[in-house]
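Visitor: I am new to this structure. Please take me through one part of it closely, and then show me what lies around that part.

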Amino acid sequence: MTSGFRSRRGVITATLAAEEVQLVRGLIGELVELVRSETPISAPPPEDSLAALVGHLGSTEPPEDEVLARLFPTAYADDEEAAGDFRRFTEFGLRDGKVKSAETVLESLGDPEFSDQVTVSLNAEEAQCWLRTLTDLRLALGTRLGVEEDDEDRWASLPEEDRRRQVYGVYVWLGWLQESLVSALW
């Protein structure tokens with residue numbers, strides 16, 4: 001089991017068990033697949049010169065999937081047109097950024113195939129990618145599970161064999177890992 005992240009001489013490290021590495025890899029794979037699955041690209045209208053300069057435009061509509069809607073929330077709740085324009089010009093880049101951060105995390109995990117543990121060493125930029133990706137993973141799991149503020153008793157009351165309780169345990173573990181990384185950065 002991981003001991004959490006620590007900082008020593010400007011390098012952030014954590015040692016993860018091979019099972020933890022496989023779990024994080026699997027979750028990231030699912031996250032990347034989801035982020036890429038609903039990437040609507042539209043061609044700019046011929047009269048939209050700004051769109052022509054920006055390239056890669058997304059849809060003006062919010063994502064249908066509840067996790068994607070949480071990961072890419074509406075920017076202007078009071079102004080549908082502004083929210084659509086904002087989404088159209090930014091969502092592609094935001095999705096790309098999430099995937100790149102996730103890929104950085106995957107690269108830093110190395111390959112636990114021949115070892116029962118992996119030591120991760122992060123520079124400041126990699127640590128930020130980890131923070132973003134852990135946040136995205138927790139948002140995704142929390143949304144799918146329906147986690148709400150101060151509902152720990154609900155999860156503790158579920159039977160041990162209930163799959164939701166197990167997934168909630170992963171959600172909590174990711175939060176602990178994220179907290180240890182934040183502490184190591186400060």
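Guide: Start with R87. Leaving aside neighbours within four places in sequence, R87 is in contact with S59, T60, E61, P62, P63, F72, P73 and T74. This is a predicted model, so every value here is computed from predicted atoms. R87 sits in helix α4. Its relative accessible area is 5%. The cut-off for buried is under 20%, so R87 counts as buried.

Now look at the polar contacts of R87. One goes from its side chain to the side chain of T74, at 3.4 Å. Another joins the side chains of R87 and E91, at 2.7 Å.

Move on to E91. This residue also belongs to helix α4. E91 has 6% relative accessibility, and therefore it is buried. Its side chain has a polar contact of 2.6 Å with the side chain of R95. Setting aside residues up to four places away in sequence, E91 touches P63, F72 and F86. P63 and F72 are also among the residues that R87 contacts.

Next, follow helix α4 itself. Helix α4 covers residues 80-109. Its axis and that of helix α5, residues 124-145, come within 8 Å. The two axes cross at roughly 115°. The helices α4 and α5 are therefore roughly perpendicular to each other. Their crossing is left-handed. On the α4 side, the contact is made by K98, S101, A102, T104, V105, S108 and L109. On the α5 side, E126, C129, W130, R132, T133 and D136 take part. The residues of this contact divide into five nonpolar, four polar and four charged.

Helix α5 has another partner, helix α7, which covers residues 163-185. Here the axes are 10 Å apart, and the angle is about 155°. So α5 and α7 are roughly antiparallel to each other. This crossing, too, is left-handed. From α5, the residues in contact include W130, L131, L134, T135 and R138. From α7, they include Y171, L174, Q178 and L181. The contact of α5 with α7 divides into 16 nonpolar, five polar and two charged residues.

Q178 is buried, with a relative accessible area of 15%. Beyond residues up to four places away in sequence, Q178 touches L131, L134, T135 and R138. With T135 there is a side-chain polar contact of 2.6 Å. The C-alpha atoms of Q178 and L131 are separated by 6.4 Å. Along the chain, Q178 and L131 are 47 residues apart.

Finally, step back to the whole chain. The protein chain has seven helices and three strands. From the N terminus on, its elements run β-β-α-α-α-α-β-α-α-α. Of its 186 residues, 40% are buried; R87, E91 and Q178 are buried residues. Among contacts with a separation of 6 or more, 70% come from residues 24 or more positions apart. The pair Q178 and L131, 47 residues apart along the chain, is in contact.

Key:
Residues are numbered from 1 along each chain as its sequence is written. This is a predicted model: local features need pLDDT of at least 70, side-chain atom pairs count only at pLDDT 80 or more; totals for chains, interfaces and linings use all residues. Side-chain values use heavy atoms; hydrogens and water are left out. Axes are lines fitted to C-alpha atoms, for helices over the stretch in contact, and angles run from 0 to 180 degrees between N-to-C directions. Helices (H or I, at least four residues) and strands (E, at least two) are DSSP runs, numbered from the N terminus. Angles under 35 degrees count as roughly parallel, over 145 as roughly antiparallel, 65 to 115 as roughly perpendicular and the rest as oblique. A crossing is left-handed if the near helix is turned anticlockwise from the far one by less than a right angle, and right-handed if clockwise. Contact means heavy atoms within 4.5 Å. Ala, Val, Leu, Ile, Met, Phe, Trp, Tyr, Cys and Pro count as nonpolar, Asp, Glu, Lys and Arg as charged, and the others, Gly among them, as polar. Buried means under 20% relative accessible area, exposed over 50%, partly exposed in between (1.4 Å probe, protein chains only). A polar contact is a pair of N or O atoms within 3.5 Å; within protein, one must be able to donate a hydrogen and the other to accept it, and residues adjacent in sequence count only if both atoms are side-chain atoms.
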